[in-house]
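Subject: The structure you asked about

Hi,

Here is the structure I promised to pass on.

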Amino acid sequence: MTKEVKKDKSMVLQKEMIAKQFHELTTAKEQGKKVVYTFVPGNLSELIHAFDMIPVYPEINALQSGMRKKSGGFIKDAEKIGYSEDICTYVKCDVGMLINGNIGPFGEKIPSPDLLLLSYTGCFTFMKWFENLERLYPGVPVAMIHTPYQEEGQITAEMVEYMVKQLKDDVIPKMEQVSGKKYDEEKLKTILSYARETQELINQIFETPKNIPSPIDAYFAGVYYIGPINTGFRGTPEAVEYYKLLLEEIKERIQLGLGPVTPEGEMTEEKFRLVVEGPPNWTSFREFWKLFYEMGAVIVASSYTKVGGLYDLGFRHRPEQPLESLAEYCMNCYTNFNLPQRITILKKYIQEYKADGFLVHSIKSCNSFSAGQLAMMRKLENDLGVPVGFIESDLVDPRYFSYSNIKNRLESFFQMLTQRKLVSQ
Amino acid sequence: MEKLEKIVEECKEVVCDMNFQEAKQWKSEGKQRILVGYLPIYFPREMVWAANGLAVGIMGAGDYKQVIKGDAYYQSYICHLPRGIIDLALDGHFDGFDGFVFPSICDVIRNLSGIFQVEKIGHFSKYLDYPQNFKKEIGGEFYRKELDSILNKIFNINQVKTTKETLNNAIKLYNTNRRYLRLIYDIREKYPWRLSAYELYVIIRAGMVMPVDKHNQMLEIVVNEINKERGTPMDNIRVIIWGAFCEQMPLNLIKSIEMAGCYVIDDDFLIGSRWTTADIDESSEDPIGALVDAYLNHSTFSSSIYDVDNPKEKRLVQLAKQRKADGIIFASPSFCDPALLDTPICQKYCDKEGIKFISFQYSENVGQFKVIKEQVGAFSDSIKLWEETST
Ligand code: SF4
Ligand code: SF4
């Protein structure tokens, strides 16, 4: 591991983009811009932008609060007003932030929503979350779009039609009303063509860990890479620029035979290649990552980085059919795939990325991800003979991150992988 | 033994039978009969009956079966219901079931449908995606396709096509069933001592695993019996229990709540049986359309529905007032996001409307009720005391 940490140009650019976005958000009301709260998976950011409104993603506020060690207090405050210890901590973190004045992770007030746009893709708790927010922001309009689950392992024409009808009948009219602007399909098409370009680029980026050594960590660094595309930049020229730059840098690393960049510099020896299922922990993100890179473990593919869309399975926005394509996008997020599909996807990753092991990071908060993970893990172990590991913590509740527990389990897992490698050599 | 006691006894046996003998017996008595298991909360059972089948409620293994295999499927922070169900499936309790329906009430049930697919349990596992859009031409059309898809799956197994007549006949039978249940709740509103919450619970739950015509006969007797005086009025408070719609309370916990000084005058334990609040058109030219209309326009309120225009907390408070409840007990299964995320909403509104409440969490296999019993007892005492001082 080299200790020299230099910031890549793409990192600097991303930082600038976020700062600009945040400034726009915090000054939204002065600029007369309307604010739409919505969720990351299956988000309709392009449509929000087509009405010149600004999206806010409560789960991003929660994860940022987690990274900045603010979530623990927020969660406790939500519990004090009746939110059970047992429920999703993203919701509690958000509610806690709100009752503390809605001061966001960067210390500035997040404007109240002018519209709650509920496209609860892949998670039922999203719906419950917004039911609570609606009461906490009395009078706020709600636009609801029910995203059918891929229960039969496919998206049918009927499912698309159902969603398009909801867009036309409820979502778009509400957006027109809130923004005071007419729906402009040409504008949406232009935005979607940028979205398509970013999707093409990020797909190439997440293909690069097929190289040995992998030039990136597709999980710990991957969560930074998916930031712009998932949170409001998809469909903007800035995002295209960012992803082009990022891809160039990664290609350069491949040419030089370099491994991933970690917070402590470049990883010099790739010992283990892993596929990870489940979101990361945010409250101890750095320590968590360190447990991997210190052992020479690189995550070559992960399901979490696909919560905003599975571009590797071919989905791209289609400007020529804007609403149909928004509908398909909503249904194309990882947790909206059924369990057999999720197993097939993970199998593909394990095989195509030549993984040495498969690891589940199970999240206490998240039934959408976690319920069924043990069955998936067993199936993958049986079908592929791949070594599997299991660790658990939470997203933003620091009470559920046990460093020693995770460390012990990971050490046993890495020992198993080492033995397996020795045997196969 | 009195008629009613006999029915309660019989129903209790049926409820505790995790081999579903009653349903399996029914299947064996006719050709092309099938069994379709369904999970909480609601499923239009009429369709299955019309297709020569019986929809069998799978409400979890409760404390009737020691769960061993199921625990290997679920992390400790997931509710108990799915582990019991997996255990039942893997131990062959559902042998003879043809398919399973998983209504869209939460991600645990949703993903359980996937585990059934992976483990190849039954001929089909259908995740029934309920629309959250209540317009006939949008949500209604989607829902209709969902129902058609279930009928097709059944047809593929037993080759029975439903007709207008068979569907209308089934709707009629289930209308009768719901009418009796509404009547029983109305009688209990006035005379709660005539049928305990525990007795009512086993009677309703038995109806989820036995043929509807047989259950209707039982309910008729129950209604007749409780139209007469039975039991002795006690100095109990009147409560509604809310939040227990999916993973069920152990029978002894229901008894404990009653023993702690409560008449449970309404609840959502088995709300699927009373989901439709009005009769469904039983002479329609389009009976599936009638079922769709019932879902869109006559559903009760529940954690699984986000009806923006008809908030559930107002409906709950309205119910409490209508039933003249002294208070509400919010009882939710541990780790149940849908129930637990509704609780703060409803409690806040109860506060505003001056309705007293307590809340606790439970699990279907919990064996110790001491703490809950004390909590409920204190609640009952405090309400009585408050009534005394305010009169
Ligand atoms: S349950 Fe999971 S997907 Fe849903 S809001 Fe919570 S963390 Fe997000
Ligand atoms: S008890 Fe709650 S979380 Fe568990 S399956 Fe039922 S609705 Fe889902």
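Below is what I found, going chain by chain.

First, the ground rules: this is a predicted model, so I kept to its own thresholds, with local features needing pLDDT of at least 70, side-chain atom pairs counting only at pLDDT 80 or more, and totals for chains, interfaces and linings using all residues. Residues are numbered from 1 along each chain as its sequence is written, chains are lettered from A and ligands numbered from 1 in the order in which they are written, and side-chain values use heavy atoms, with hydrogens and water left out.

**Chain A**

Chain A has 16 helices and ten strands (DSSP runs numbered from the N terminus: H or I of at least four residues for helices, E of at least two for strands). Its radius of gyration is 21 Å, close to the 22 Å that the globule rule gives for 425 residues, so chain A is as compact as a globular protein of that length. (That radius is taken over C-alpha atoms, and the rule is 2.2 Å times the number of residues to the power 0.38.) Along the principal axes, its C-alpha trace spans about 65 × 50 × 45 Å.

Of the 425 residues in chain A, 63% count as buried (buried means under 20% relative accessible area, exposed over 50%, partly exposed in between, with a 1.4 Å probe and protein chains only). Take the contacts in chain A with a separation of 6 or more: residues 24 or more positions apart account for 77% of them (contact means heavy atoms within 4.5 Å). The accessible surface comes to about 15300 Å², and 52% of that belongs to carbon and sulfur atoms (Shrake-Rupley method, 1.4 Å probe; for residues, only the protein chains shown count as cover).

The part of chain A I'd open up is helix H9, residues 222-230: eight of its nine residues are buried, so the helix is largely enclosed by the rest of the structure. Among the buried ones are Tyr225(A), Ile226(A), Pro228(A) and Asn230(A). What covers them includes helices H1 (9-26), H8 (185-207), H10 (237-256) and H11 (285-293) of chain A. Just after H9(A), Gly232(A) takes a positive phi of about 95°.

**Chain B**

Chain B comes to 14 helices and eight strands. For 391 residues, a compact globule would have a radius of gyration near 21 Å, and the 20 Å of chain B agrees with that. The C-alpha atoms fill a box of roughly 65 × 50 × 50 Å along the principal axes. Here 65% of the 391 residues count as buried, and 75% of the contacts between residues at least 6 apart in sequence join residues at least 24 apart. About 14500 Å² of chain B is accessible surface, with 49% belonging to carbon and sulfur atoms.

Leaving aside neighbours within four places in sequence, Val36(B) is in contact with residues including Val48(B), Leu54(B), Val101(B), Phe124(B) and Ile154(B).

**Cysteines**

How many disulfides are there over all chains? The count is zero, taking a disulfide as a pair of cysteine sulfur atoms within 2.5 Å. Cys79(B) counts as buried at 12% relative accessibility, and Cys106(B) also counts as buried, at 12%.

Cheers
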